[in-house]
Structure formats: structure tokens, C-alpha cells
Amino acid sequence: MSEGGQDRQKPVGIDELLDRVRAGYERVGPEEAAAAAAEGALLVDIRYAALREKDGLIPGALVVERNELEWRLDPQGSHRAEEAVSHDLRVVVICNEGYASSLAVSSLRQLGLHRATDLTGGFQAWRAAGLPVTP
């Protein structure tokens, strides 16, 4: 045991952390994300404003800054988005390239959003697949 009576975990690098997080769920590609949205999944864009302004938006995606994500998607939270209706909600988190979104999914799953996943390759993969983007 370390100071304060808590066990100290062995440090890991970000690549190992991402591997561990991603092993706990199945990620989706752009076409799968579009199909999930068509079936009622909530696409959530966590990119910061400058990237959204530069590259555009995915039509119908809920924009939530990363630092607000857990508060906005917690179905029990007082600051939840109106779309956050249930822990059973299918959520596809989208960042710019598919890295920050994986860490965000880990946090959402800890809140009980057991169907949360993220888009492999992020917004850039969505756009490269020729899927809709609005300026």
C-alpha cells in the first residue's frame, strides 16, 4: 500500500491505456456509425470549436465539448442533454481522429452507458468516407 492507504497502480503509457480501454468494447467505422444513427443512435461530436469551424459538422450530431460530456450524457444528471434519456442509449462518440473519443467512451461506460462506443478514425474518417458534412 502507498501513502494514504491506497494501492498505487503501475504507470502505463497512453498507447497501452488506449489498448486497455478499447479492449472493453467494439469500435465502429464511419459506415457503421451512419447506420447506427439511422437506427436511433446518438452521434456525439466532442471536437473543440476551432476544429468544428474549420472542418464542419456531421448533420444531426449532438455537439458536446469534451469537458462537459459526462454531465450532458448522464441520464440521471441535472445538467443532462434532452437526448440523454437512458443508460441503454446507443452513443457513438466522435473526436477528430479517434483517440480522445476512446477515453471519453471509457468514462461514459463507467457512468453506466453500456452501449457507448466511438468512431474509429474520428471525424476525419467520416469525412474521408464521403459521408455528409455541413460547413
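## Exercises on a predicted protein chain

Read along the sequence, the protein chain of this predicted model runs in the order α-α-β-α-β-α-β-α-β-α.

**Exercise 1.** Count how many helices and strands the protein chain has.

*Solution.* The tally for the protein chain comes to 6 helices and 4 strands.

**Exercise 2.** Decide whether the radius of gyration of the protein chain agrees or disagrees with that of a compact globule.

*Solution.* Begin with the length: for 135 residues, a compact globule would have a radius of gyration near 14 Å. Then take the value for the protein chain, which is 16 Å and therefore agrees with that expectation.

**Exercise 3.** Locate H114 in the chain, and classify H114 as buried, partly exposed or exposed.

*Solution.* First, the position: H114 belongs to the loop that lies between α5 (100–110) and β4 (117–118). Second, the accessibility: the relative accessible area of H114 is 42%. Because buried means under 20% and exposed means over 50%, H114 is partly exposed.

**Exercise 4.** Identify which residues H114 contacts, leaving aside its neighbours within four places in sequence, and find the polar contact of its side chain.

*Solution.* With those neighbours within four places set aside, the contacts of H114 are H87, D88 and R109. Turning to polar contacts, the side chain of H114 makes one with the side chain of D88, at 2.6 Å.

Terms used. Residues numbered from 1 in each chain as written. Predicted model: local features only at pLDDT ≥ 70, side-chain atom pairs only at ≥ 80, totals over all residues. Heavy atoms only, no water. Helix = DSSP H or I, 4+ residues; strand = E, 2+ residues; numbered from the N terminus. Rg over C-alpha atoms; globule rule 2.2 N^0.38 Å. Buried < 20%, exposed > 50% of the residue type's maximum accessible area, 1.4 Å probe, protein only. Contact = heavy atoms within 4.5 Å. Polar contact = N/O pair within 3.5 Å; in protein donor to acceptor, adjacent residues only side chain to side chain.
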